[in-house]
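This briefing describes a predicted model. The points below are grouped by topic and begin with the chain as a whole before turning to individual residues.

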Amino acid sequence: MHGQCKSTLQCPQCDRISVTFDPFLTYTVSIPNYEVNKRQLYYKTLDSMENPVKVDLMVTLGTSCLKLKEVLVEEFQYE
């Protein structure tokens, strides 16, 4: 891949604007990894005397704790 990268710079003293185009032959971009992984969690309610329940979840890399909580609420039908 090749192209030009546009840079715009403005002087804070005189407000002059400089626009520069720099050519490139390769440009590195990150590609998100949406690979699904199996995760095992142990779920226990605070008011329960029962043993923790093992839960197998399929999640993508970078899944937030909030999303895991939403999945657990759905799984166990809690509010």
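**Overall architecture**

In the protein, 18% of the contacts with a separation of 6 or more are accounted for by residues 24 or more positions apart. The model contains four strands and one helix, and the order of these elements from the N terminus is β-β-β-β-α.

**Burial and surface**

- Of the 79 residues in the protein, 9% are buried.

**The loop between β1 and β2**

- D15 lies in the loop that joins β1 (3-10) to β2 (17-24).
- The phi angle of D15 is near 65°, which is a positive value in a residue other than glycine.
- D15 has a relative accessible area of 51% and is therefore classed as exposed, the cut-off being over 50%.

**The nonpolar patch**

- I17, V19 and F21 together make a nonpolar surface patch of about 290 Å².
- V19, one of the residues in this patch, belongs to strand β2.
- The relative accessibility of V19 is 43%, so this residue counts as partly exposed, a class that lies between the limits of 20% and 50%.

Terms used: Residues are numbered from 1 along each chain as its sequence is written. This is a predicted model: local features need pLDDT of at least 70, side-chain atom pairs count only at pLDDT 80 or more; totals for chains, interfaces and linings use all residues. Side-chain values use heavy atoms; hydrogens and water are left out. Helices (H or I, at least four residues) and strands (E, at least two) are DSSP runs, numbered from the N terminus. Buried means under 20% relative accessible area, exposed over 50%, partly exposed in between (1.4 Å probe, protein chains only). Patches are made of residues with over 30% relative accessible area and no salt bridge: like charges are joined within 9 Å, nonpolar side chains (Val, Leu, Ile, Met, Phe, Trp, Tyr) within 5 Å. Accessible areas come from the Shrake-Rupley method with a 1.4 Å probe; for residues, only the protein chains shown count as cover. A salt bridge is a side-chain nitrogen of Lys or Arg within 4 Å of a carboxyl oxygen of Asp or Glu. Contact means heavy atoms within 4.5 Å.
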